[in-house]
Amino acid sequence: MSKIGVFICHCGENIGKTVDCPAVAAAARRIPGVAYAVDYRYTCSEPGQAQIRAAIKQYSLTGLIVGACSPRMHERTFRKVAAAAGLNPYLCEIANLREQCSWVHADRSAATAKAIAIIRSAVARVQCNTPLLPIHVPLTRRALVIGGGIAGIQAALDIADGGVEVILLERASSLGGHMAQLSETFPTLDCSQCILTPRMVEAASHPKIRLETYSELERVDGYVGNFQVTIRRKARYVDWSKCTGCGTCWQKCPQKKIAAEFEEGLGRRTAISIPSPQAVPNKPVIDRANCLKFKTGKCGICQKLCPTQAVNFEQKDEFFTEAVGTIVVATGFQTLGKEYFELYAGGDHPDVITGLQFERLASASGPTGGEIRRPSDGQEPRTVVFVQCAGSREPATGRAYCSKICCMYTAKHAMLYRHKVHGGRAFVLCMDVRTPGKGYDEFYRRAVEQDGVNYLRSRAARIYPENGQLVVEAADTLNGGERLELRADLVVLASAAIPQSDVRTLAQKLGIGYDADGWLSEAHPKLRPVETNTAGIFLAGAAQGPKDIPDTVGQASAAAAKVLGLLSNQDLQRDPIVARVRRMPPPEYSTCLGCFACAAACPYQAIEKEEIKDRHGEWIKTIARVNAGLCQGCGTCVSVCRSKSIDLDGFTDDQMCSALEALGG
Amino acid sequence: MAEVHLPLQDSLQAASPAVPGSLEPRLVAFVCRWCTYAGADLAGTSRMTYPPNVRTLMLPCTGRIDVAFILRAFLEGADGVLVSGCHPGDCHYTAGNYRARRRWILLRDLLDTIGVDLRRLQLAWISAAEGAKWVKTIQNFTDEMRQLGRYEPMQRLAADFTPELALADGQPNGYAALPAAAPVAVHADSPLGQALAQALQAGAVKAILGWKKQATLGRPQAACIVDPQALVELVIPPRAGNLARLFKHPEIRQIQPIGVITRRAEALAMNVLIQEKQLDPGRVVAFAVDGAGHFLGLADPPGALKKIEAAEASVPPPDPGASTTGLWAALDRLMAQPREERWAFWMKQAQKCIRCYACRGACPLCNCHECLMDKNVPQWFPTAADGPGNFAWQLIRAFHLAGRCIGCGSCQEACPAGIPLGLLDAAMMRSVWKHFGYRSGMDPAAAPLQSDFRTDDRAEFIL
C-alpha cells in the first residue's frame, strides 16, 4: 500500500484566496493511499520544506505531492527536498494549483473542486511512479573549438590553461579571423595585430592545443561527453611538416595578380601564399583555382625552388575522426559586401568601400602601408563620407537587427582618417549613435569634439559618381527629411554584420538551432547565453550575434568556463527521463518485435539494435534498445510503438492512464 | 435511460455555476511541456481567466501523446478532448509535433468513419508565449461543448450495450461482395506444380506455404508442406486468409528458405513485413500467381509484386469514387450517411463482437507479441466484450493498421459475426492515400508511415 504525502500550499494569498486549501487537504486525506495531507502558508519556505522532510520520515512516505505553483517553477526545489529526506526525487510530483487553477478561475467552489481533481489525479499518478536514478554517461576530457578567430583562440587558450586538451579548428590556413584584419581597435586605438598576434602564437605553441588549420568540420556523431567529430584536412599541396616558411615559393610564384581575400580585394597575392606576414602557422597553401600547374600543367616553379621539397601537387584531402567531450562553436561572422548596395554607385565603384576595406587601408601592414588612398587613383581623399547602418536596422530588406559594432568602428575610422590626413573632412551619416560600453561614449565624443568629425543625422539614399567624385544624396532626418548632398572622394559603408554564409549547414551538422537571421541560438537569451539547446555544445563570439572584441572575448571565456565545468566531472549525470524498452523474465524477454518504427520516429538516433539470444547463444530475435546517452526523453517512440514495448520513464503509459482515470473521479 | 456515473462527473457537478441539475461539459487537455503547458502557465501569471471545465495533463511532447490516450479520455467520460503543443518548427524535440500531426490526421478520419463528432476533438498549436490563445481556445471549446451538451452517445457505450449473438450471414458488405469462385487445384504437371516440386526436391526451399482443402468443411486452409508428395493437395482459392500471417509463428520463421504461393495480397503483406524487418527477403521464395491461379514465376516478394502488377490489371488507388463496386463502394455508401447513422451502424456491429480476436489472428500484420488490448499494466481498455471495450478494440486495431493494412480482407473473412471490419481499414487506406499519397506494401524501403512526417502535411483543422 502506498503512503502518499500531500502538501497544499496557500502561496500566501495566491492560491488560498481562490482555492479552499484546508478543504483540499481534507479531501486529499480521504483518497485511498494518502497517508498524510496538510495545507501550509508557504510550502517552499524553509519551515514548509522542513515540514515535508519531517513527514517523509515520520510517515515513511512512498510518494510526495506538492500542490503549489507550476512544476516549471519549483519541481526541482521539492524534488531536492524529497531527496534530502531519503525519498527518491522522482517520487515527488507537483500539482499545479496556482498558474492553472487559482490564478485563472474566479469562482471559489469551482476552483476548489478543480484543485481536488488535480490532486486526485496527481496521487493516482505518483502511485505509479518508480524510483529513478540519474544516468551516468562517460566523458571524453577533450574539447573541440571550431573557428580560429579571437573567440576561438581565447576559448581554446582558457580551456587549455585549465589542463584540458583542445583541438582548434580553422578553415583558413592561418589563425586570426577578422581581428587580424583590423588596423586599430576601439576605444583605446591600440594596434589589433599587436594584441592579437601574441595570442595566436601562444595558441599555436600551447602544449595542450592541437592546431588544425585549413581544415573543416565534416560530420558530428555522438552526444554530450562523447562526440565523434570527423575533420576534413583540405589539401594544401604543401607538406607542412617539411615547410620552413622561408617564403621562396610565394616570392617566386608567377601568378601575382590574384585579389587577396585578407586585403578585402584591395591587395594582391600569389597562387601559393600565406594570408598575411603574421600568419600562424606561417606556412603557405596553393590556391588550386589560380595555380598555373593545376590550370595548364606547366609551371611548378615553387616545387623546383623549394629548399625542402615540401610542395606536393598530389596531396589529397584527408579525413580523420577525433573523440571530444564538448564543442565550442566560434565561427564568427562576415560583413555585407558592397555589391549588395546597388543604390550606392551601383555596388561596384572602387571608391565606395566597406568598413573592413577601410581597416586594410588604415593598417600599417595593409596594401597602402597605412596611408589612406583612394582605390581608384591612389590619391589622398580630401572628403570622406561614412555611411552608418548600411544594411542594418532595415526590416524592409530583411535585417531588422543592429550590427552593434558599426557606430564605434565608424567613429574610429573617422578619427584615424583625421589623424592621417590633415585638413581632410570627415562626415558620418547616421540614424543615431549607439555607444554603450566602457569608455565608448567618451571615445565617440573625442571623435566629435577633438578630431572634428561631422556627424549628420541622416539616411544615405543614393550615391553616384560625378566629375571624379562621389555625390552622396541623403535625407536630413533632423530637418524633416530635407535633401542633403555631399561631395566625397571616398565613401565608407559601415556594412551590416551577417552570419557566415554556410552557418545553417554547420548548425545542422551540430544539431543546434539558429534564428531567422541565421545567428546561432543560445539556450536562453538571458540565463544560458553561451549554451545551445544541444547539451555539450557552446557558443562564443559573433556566430551567436554581432559582437565587439571585449564581448567576444568575454563570451569565449564564459564558454571555456562551461567546458571546464562540464569536463571537471568524473562522468555526466543526466535526468533519467528517457525511453526504455521493456524487458521482463524469462531472462531478457521483451514483447518488442523489432519493427523499429521507434527508430524511424526518433529525432536523436537514440534507438539501437540488440540481439536477444538464448542461453546457448542462439539468436532469438533482434529488438530495439535505447541509448540513454542520446535519448532526450520526448517519448515520440512510445506513441508509435503498437505493442507498447517501449515506455518513457517519468511519463509511463501507466502513470498517464492512472492520472487520466483519476481526473475528478 | 439511467444516468451513468462517470469519473469526471463529481468535481464538475460541484463546479457548475449554471442551473442546478445541468451538467457542465468535462474537458481533458493533453499538452506538451515546453509550449502549451508554459502558455497555460503564462495565462495564469497574466491573471487571465477561463472556465474551470478543463483538466490538463502534461506530457513532454505532442509526439508522446498516444491516440490511445485520446480514446481513453473519451471513454473516461470526457465531453471534449483538446490536444495542443508547439507550433510547427518550434518543437523542443525538433519534430515530435509533426509526427503527432500525422497521427491526428489519421485519427480524425477514423473517428469520422465511426461516427464520432469531430467537434469533440480539438487540436491546437499554442506556444509558450500564447497565454491569450490558450484562454481563447479553452473558452471557445467550453462554450461549444456547453452548446452541444454532454457527449451522451459515447457515455452510454456501456449502458446501451446489448450483446447480440450473430453469425456471419453472408450479406454483401465490401469484401463479401467479391465473386466466390471455386478453388483451382494445383496440378503436378502445371507450371506451378512443376516449379514447386523442383524447388522442394532440389532443396531450394525447405517448405511451401499454400492452401489445401480442409477435410471436413471443404474450405481452403493454410498449409505448410515439406513433403513433395503432399503437393498434390494444394489448391489456389480466389479468396482465402492471407498466407503471410503464418510468419507470426516462430516455427514458420525458422524454416529458411521457405517458398510461399504468392498472390497480390501475400506479396503486399510480405513487403510490409520486410519494411518492418520481420522478414528477410533473401530467405523467402515467392511463387507468384495471378488472380486466376496462373503461375508467373519465382522472385523475392517485391519482385513477385512486380510480376503480379504486370500480369493483372493494376488495382486503382483508394480514391473516393475510384470504384463503384466492392469495398470502396461500400465505404462510399457508409460515408454518405449522416454521422449519427454511422455511429448507430457501428454500435450495432460492436454488439455482435464477441472479442474472439479471430480478426487479429487472421491478419498478417497484426503481429504484436502481446496486444495492447491484452496488456494489464496499464490496462488500457476493457478486455470484456462490452461497449467501451469493443469500441476501443475496433479503433485501436484500425489505427495500428493505418499505413500498414494492405486490404486483403482476411480479418473480415475470419470474423464469425460478420462484422465488416474491412470498412474501417478501407477508410484508413483511403485516408493514407488522400493525405500522404501512400499505399502500404508497395515499397519495402519506405519509412513507416506513422513514424514519418512531412513539414507540409495537411493541417487546416488545427487551431
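**Terms and their grounds**

Student: Why is Arg102(B) called buried?
Tutor: This is a predicted model, and in it Arg102(B) has 25 other C-beta atoms within 10 Å. A residue is called buried if 20 or more other C-beta atoms lie within 10 Å of its own, so Arg102(B), with 25, is buried.

Student: Where in chain B is Arg102(B) found, and which residues does Arg102(B) touch?
Tutor: Arg102(B) belongs to helix 4 of chain B, which covers residues 96–114. Leaving aside residues up to four places away in sequence, Arg102(B) touches Gln450(B), Phe453(B) and Asp457(B); contact here means C-beta atoms, placed from the backbone, within 7 Å. As for Lys306(B), which is 204 residues apart from Arg102(B) along the chain, the C-alpha atoms of the two are separated by 29 Å.

Student: How do you know that domain 1 of chain B and domain 3 of chain B touch?
Tutor: The domain assignment of chain B gives domain 1 (9–155), domain 2 (180–311) and domain 3 (317–451). Although 26 Å separate the centres of domain 1 and domain 3 of chain B, taken over C-alpha atoms, the contact takes 18 residues from domain 1 and 21 residues from domain 3. On the side of domain 1 that touches domain 3, helix 3 (67–75) and helix 4 of chain B are the elements that give two or more residues, and the largest share, 10 residues, comes from helix 4 of chain B. By class, that side of domain 1 divides into 10 nonpolar, 2 polar and 6 charged residues.

Student: What makes strand 1 and strand 3 of chain A a pair?
Tutor: Strand 1 (residues 4–9) and strand 3 (residues 63–68) of chain A run parallel and are joined by 5 bridges. Two strands pair if there are at least two bridges between them, so with 5 bridges these strands of chain A count as a pair. Within strand 3 of chain A, Gly67(A) is the residue that stands opposite Ile8(A).

Student: Why are strand 2 and strand 4 of chain A called edge strands?
Tutor: They belong to an open sheet of 4 strands in chain A, with the order 2-1-3-4 and parallel pairing. Strand 2 (34–40) and strand 4 (92–96) of chain A each pair on one side only, and that is what the word edge records. Direction ignored, neighbouring strands of this sheet are turned by 15° against each other on average.

Student: How many residues of each chain take part in the contact between chain A and chain B?
Tutor: The contact takes 50 residues from chain A and 57 residues from chain B. Among the elements of chain A that each supply at least two residues to that side are helix 4 (98–102) and helix 5 (108–127), while the largest share, 8 residues, comes from helix 18 of chain A. The side of chain A that touches chain B divides into 25 nonpolar, 15 polar and 10 charged residues.

Key:
Residues are numbered from 1 along each chain as its sequence is written. Chains are lettered from A and ligands numbered from 1 in the order in which they are written. This is a predicted model: local features need pLDDT of at least 70, side-chain atom pairs count only at pLDDT 80 or more; totals for chains, interfaces and linings use all residues. Two residues are in contact if their C-beta atoms, placed from the backbone, lie within 7 Å. Ala, Val, Leu, Ile, Met, Phe, Trp, Tyr, Cys and Pro count as nonpolar, Asp, Glu, Lys and Arg as charged, and the others, Gly among them, as polar. A residue is buried if 20 or more other C-beta atoms lie within 10 Å of its own, exposed if 12 or fewer, and partly exposed in between; C-beta atoms are placed from the backbone. Domain bounds come from an automatic or database domain assignment. Axes are lines fitted to C-alpha atoms, for helices over the stretch in contact, and angles run from 0 to 180 degrees between N-to-C directions.
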